[in-house]
Amino acid sequence: MNCRQVEPLLSALLEGSVAEREARLVARHLEGCAACRRRRDEFAALGSRLRGLADLAPPAHLARRAIERWSTETGASTGAPRCWRFPGSVRLASLGAAMSAAAALAALGLVLVRHAHQAPIRSPGPEMAQQQPGGPGSTVLDPGSVLSPKHATGDPNRAPRRSVNGPTLPPPAPVPFRAAFRGSATGGPDGVVGPEPENRPRRGPALPLQAGAGERIGDLDWLNGPDPVKNQQPWAPVSKDEWDRIEEQVRQHVHVRDDFVQIPFPRIAGNSGRAIVAAVEQYKQEAAIIDARLFQEVTLSFKGAALSDVCEHMRSNTGIQLSAGPSVADEKVTIFCEKLPLREVMRQLSRPFGYTWLRSGTQGQYRYELIQDLRSQLAEQELRDRDRNAAMLALEREMDRYRRYRSLSPDEAAARAKTAPPGEKELLEKLAGEGWGPIHLYFRLAPQEQAALRDGQELKFDQEPKPNELPLPADMVRPVLESGHRWRLTRRDGTLRRAAPGDVDGMPPTAVSEARALVTLSLHQSELGRFALEGASGFRIGDGEMVSLTGNGPYGVGISPSVREPDNAAVNAALARDPALRGRVNVGEAELSAADSRAAVTVSRPLSATGSPSTPKKVTSADVLEAVHRASGMPVVSDFYTRLYPSTVAQVKGERLFDGLNHLADAMRLRWHKDGAWLQFRSASFYDDRLKEVPNRLLTRWAASRRQSTGAAGTPGLPLDDLIEIAQLSDQQLDADSMAEGAKELWGLEEWELARRADQRRHLRFLAQCTPAQRQMAVSPEGLPFTRMSLAQQQQFTILAFAYDPTEPRLEDLAVASLRVRYSPPGGYECRGATEPQASRQLPAEALSMVWAPTREAALQAARRLDPQVAPEQIVPSERALTFLYTRGDSQSGLHGVAVRATMGGLSISGRGVGG
Amino acid sequence: MVGMLGVRKWGWDARARGAGEIAEGPVAEAQLLRAGQAGDRSALEQLLVPYERPLYALCRGILGHADDAEDAVQETFLRALRALPAFRGDAAVRSWLYRIAVNVCLDRKRSHQPTELWDEERSPAISPTGSPESIALRHLRLTEALGCLLPRQRVILLLKELEGWSVGEIAVAMRWNEKKVYNELYRARRALADWQRRDAAEGEER
């Protein structure tokens with residue numbers, strides 16, 4: 001028995017439920033293991049420590065007070081007068097009172113909630129500023145201002161309800177509402193509280209949305225909610241058990257000293273009881289602070305704006321120091337509200353996202369900073385991992401569909417595909433082609449190979465494996481060689497070459513004894529939460545003389561189902577009867593274009609996508625939510641991630657708001673909730689989306705830079721330096737299709753594709769490591785010589801230059817090596833196609849692809865300087881392209897190059913050894 | 001009131017309960033219960049008072065806060081009293097009350113968090129050992145430590161260690177199987193022990 005097995009039994013032993021044999025084993029283990037003995041003693045000591053709780057005396061007369069309370073309740077039902085406050089007890093169980101009162105007071109409570117929400121809220125006058133730090137009384141609503149019907153401006157139909165029930169209802173004033181209205185996600189603005197009769201009557205600006213009745217809820221508690229980790233819960237489709245697990249895991253990672261992460265617990269110099277009591281007192285005072293300045297009204301209209309910009313706007317409008325910390329500054333939000341207290345807006349910016357407001361400074365000059373604490377970040381990481389696993393499982397299910405065709409050879413699959421129904425046809429066609437090898441190998445992987453695949457390694461299988469390659473099973477060799485129907489070889493002068501299409505002498509690889517079968521397999525995370533199984537089949541001749549690998553993947557794509565189907569109608573079923581959501585709304589082309597034209601008034605940059613008349617107009621979630629805000633009149637808050645939807649998807653015609661929201665949110669893969677009057681939205685995959693999103697500050701800078709710099713042909717173009725910067729974004733950001741589409745459509749960064757291609761990225765990142773002078777040389781006609789690179793750069797160069805070439809680099813080849821980069825705008829002329837290599841040339845044949853000039857003549861001249869045989873037809877109008885040419889020495893041809901050329905349409909690599 | 005004494009003893013120190021007291025308890029309780037159902041308030045008080053202290057300790061352990069614990073005990077009694085006419089005495093009063101208390105605490109834990117951390121001064125402790133300050137310190141740390149557990153773990157650990165419930169009883173009350181109870185008890189103990197280790201380490205650093 002080892003320690004891991006023993007530990008749970010140590011716990012079970014305390015329950016006296018371990019079988020005798022096991023107990024003996026445990027005892028034997030304990031004899032030799034000091035760590036487990038320590039554990040046993042710790043477990044045993046816990047009991048006595050917990051029993052210390054019994055030292056605490058309960059408050060007096062708990063039972064008697066409950067009985068008296070209960071008899072007044074039952075007395076009331078038989079007509080006896082009710083007594084709401086317990087005689088002689090200040091602290092009547094507020095929960096019990098509130099719960100029993102809740103039913104009777106539900107209508108009244110609603111009046112309070114609605115009133116507090118709709119009553120015009122004045123800026124705090126001098127009177128209030130004075131009262132702000134005062135006692136509990138200052139936070140309580142004035143009874144008169146709330147309860148008299150003339151003040152209940154919200155809904156005139158509601159006020160009379162009280163008089164209907166009037167005679168039987170007890171006076172509501174003394175009911176403590178301590179718990180009932182606090183902290184509920186759907187119960188309206190928390191902390192709306194009945195008035196306290198003992199408080200002196202006070203006319204003047206009421207502080208709404210406050211706790212009262214002898215207890216106040218401090219700003220931070222109110223803004224941040226119970227726990228940023230808990231706040232995330234409604235947004236992640238996780239069962240309760242699973243959430244418990246996540247929470248537990250997070251708690252294990254972080255040593256939580258208290259529930260109130262937003263205020264640091266005071267440092268205690270000593271461990272004396274008095275010091276602790278004093279610290280607790282200080283902590284409580286700090287927690288109860290209510291900053292009257294936060295009741296100023298603000299109007300916000302932001303679409304996909306960075307939180308730093310939103311905070312800056314609020315700061316300049318209110319004069320209060322608000323900022324977004326580095327952990328959230330770049331997060332984007334959409335928020336629309338009119339004349340609502342800053343406090344409420346701040347709450348909507350923290351709670352739904354699991355963020356926390358920190359307060360510092362002194363009274364009257366508090367500063368607030370929005371952050372995401374570590375626990376909340378870890379919870380997000382847990383969600384990501386969970387989603388990744390779900391996506392893996394989804395992929396597994398996708399691949400399982402091939403199982404029943406495993407006995408078919410490529411040709412048999414091709415024959416069956418001809419008559420198969422559409423769903424099967426697709427699978428059979430993959431099996432009929434180059435997919436046969438990767439798909440079959442997938443089912444044959446050993447556990448450690450599966451693990452390597454999941455870790456992102458590409459698995460290479462070779463009929464005669466080299467180091468780091470895996471053996472291709474013998475029975476698969478022939479089918480793999482057969483699976484590429486178009487592969488043809490010819491033998492000329494004793495050497496094998498690729499046969500041109502239609503060449504009658506072409507032989508299939510199975511007829512060539514030198515051909516060795518190859519298969520590659522990789523699990524590609526095309527985007528976060530989306531896995532695709534890719535792979536290729538092919539053959540090689542000799543040791544890298546010719547390599548041909550082609551694939552027809554992806555063979556299976558796994559997407560986490562929770563992301564695919566937000567199913568808002570089911571999640572929000574409880575809101576179906578909400579009166580605020582009953583009205584009918586329209587969100588259509590007209591509403592969306594109205595939103596467009598108003599985008600200019602927002603402080604953020606306009607984010608509406610352009611669309612040509614032929615393609616449907618595309619919109620962002622911010623456009624749709626603006627239309628929702630205008631149609632419903634309700635304040636809206638949402639996260640924002642760059643995703644474009646066809647405007648036809650995001651339309652609602654005359655549906656109830658509730659149904660419309662479900663429809664829109666499902667279509668945009670968002671979840672929605674209602675918190676008080678606010679409509680909250682969040683992406684169903686926010687935890688993944690956050691990592692894909694590129695900050696506005698960068699996008700703005702690149703877009704401006706692009707506008708300012710005009711290329712040689714007069715068209716705006718993104719400078720190479722910016723392109724290099726883009727390539728340095730994280731792979732997650734660059735891999736995201738939605739972000740790439742948004743960068744092009746919303747920000748006009750057409751060159752995004754050039755930097756984004758996975759194969760191009762590493763070349764640009766290599767340039768990023770170069771000094772400005774080195775970059776200058778690289779873009780010059782002479783190029784950046786190998787000898788001018790640092791040792792680290794030389795290593796990197798060698799890797800990149802030989803990435804496509806199986807031969808081993810030799811030192812003398814590298815001595816003359818160099819890198820040339822050409823970044824050409826559209827509108828000029830370039831040279832296409834290379835002639836046969838000539839040993840005498842100064843540059844390799846691929847250097848022709850570096851030629852570019854604004855006119856046809858200039859381009860032809862430049863090309864002929866390299867190779868006099870260039871024909872005029874080879875000079876063609878140029879497109880936007882980024883080309884890297886790696887040149888190195890070669891014992892036979894003098895110089896040899898590999899050109900990597902990315903255009904908007906794709907990536908092409910030419911040079912010796914580059915597979916077809 | 002001979003039966004009363006038995007109940008008091010049994011209700012408080014469950015670990016020390018003997019077979020004789022168990023036999024005595026339900027008989028006395030049944031009498032008090034019947035009297036209570038007939039409207040005898042003093043009988044109800046006699047029935048409930050012995051549970052004030054253990055229930056309070058349990059609620060305090062779960063909720064961590066004196067006021068919340070007080071509210072929870074009152075709510076427990078109130079719910080029990082409301083259900084009194086329907087209570088047929090199938091279960092012992094003790095387990096009935098505890099089950100209500102556990103539900104009340106878990107509901108409260110779900111619906112909101114306490115706003116204050118701990119206030120010792122309101123509940124003067126009477127204990128044979130230590131000054132009020134040292135007791136305050138001990139409980140402050142204990143509450144902090146319990147805070148690292150999930151609410152449900154707190155519940156079962158306290159039922160086990162404080163009240164001496166068997167795993168079977170806990171399983172019935174939580175509607176879990178026994179295996180899960182063992183598991184959760186182990187996880188709770190381990191988490192708490194780890195917390196104490198870290199706490200001790202930090203104490204040394206200071």
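## Notebook: salt bridges, a buried strand and its neighbours

I began with B:Arg197, which counts as partly exposed because its relative accessibility is 28%. A note to myself before going on: this is a predicted model.

**Entry 1: a pair across two chains.** What does B:Arg197 pair with? I found a salt bridge to A:Glu42, with the closest N and O atoms 2.7 Å apart. B:Arg197 sits in helix 9 (residues 178-205) of chain B and A:Glu42 in helix 3 (residues 34-51) of chain A, so this pair joins two chains. I also looked up the accessibility of A:Glu42: at 12% it counts as buried, whereas B:Arg197 is partly exposed.

Entry 2: Next I turned to A:Asp675, which makes a salt bridge with A:Arg347; here the closest N and O atoms are 3.8 Å apart. A:Asp675 belongs to strand 19 of chain A and A:Arg347 to helix 14 (residues 342-350) of chain A, so the pair ties together parts that lie 328 residues apart in sequence. I checked both partners, and both A:Asp675 and A:Arg347 are buried.

**Entry 3: strand 19 itself.** Is strand 19 of chain A enclosed or open? I went through residues 670-675 and found six of the six buried, so the strand is largely enclosed by the rest of the structure. I then took the two faces in turn. On one side A:Leu670, A:Trp672 and A:Lys674 are buried, and on the other A:Arg671, A:His673 and A:Asp675 are buried too, which leaves both faces covered.

**Entry 4: the partner strand.** I followed strand 19 of chain A to strand 20 (residues 678-683) of chain A; six bridges join the two, and they run antiparallel. A:Asp675, the residue from the salt bridge with A:Arg347, stands opposite A:Trp678 in strand 20 of chain A. The hairpin has two residues between the strands, and I noted that A:Gly676 takes a positive phi near 60° there.

**Entry 5: A:Asn568.** A:Asn568 is found in helix 22 (residues 568-571) of chain A. Its relative accessible area is 1%, so A:Asn568 is buried. Where does the side chain of A:Asn568 reach? I traced it to the backbone oxygen of A:Leu670, at 2.9 Å. Beyond neighbours within four places in sequence, A:Asn568 is in contact with A:Leu670, A:Arg671 and A:Trp672, and also with A:Asn662, A:Ala665 and A:Asp666.

**Entry 6: helix 20.** I moved on to helix 20 (residues 474-483) of chain A, where the buried residues are A:Met476, A:Val477, A:Pro479, A:Val480, A:Leu481 and A:Ser483. I looked up what they pack against and listed helix 16 (410-417), helix 17 (422-432), helix 18 (436-444), strand 10 (515-527) and strand 11 (530-541), in chain A.

Entry 7: A:Asp737 forms a salt bridge with A:Arg756, with 2.4 Å between the closest N and O atoms. A:Asp737 lies in helix 30 (residues 737-745) of chain A and A:Arg756 in helix 31 (residues 752-756) of chain A, so the parts tied together are 19 residues apart in sequence. A:Asp737 is partly exposed, at a relative accessible area of 45%; A:Arg756, at 13%, is buried. For the record, the structure holds 49 salt bridges over all chains.

Technical notes. Residues numbered from 1 in each chain as written. Chains lettered and ligands numbered in written order. Predicted model: local features only at pLDDT ≥ 70, side-chain atom pairs only at ≥ 80, totals over all residues. Heavy atoms only, no water. Buried < 20%, exposed > 50% of the residue type's maximum accessible area, 1.4 Å probe, protein only. Helix = DSSP H or I, 4+ residues; strand = E, 2+ residues; numbered from the N terminus. Pairing = 2+ DSSP bridges. Contact = heavy atoms within 4.5 Å. Polar contact = N/O pair within 3.5 Å; in protein donor to acceptor, adjacent residues only side chain to side chain. Salt bridge = Lys/Arg side-chain N within 4 Å of Asp/Glu carboxyl O.
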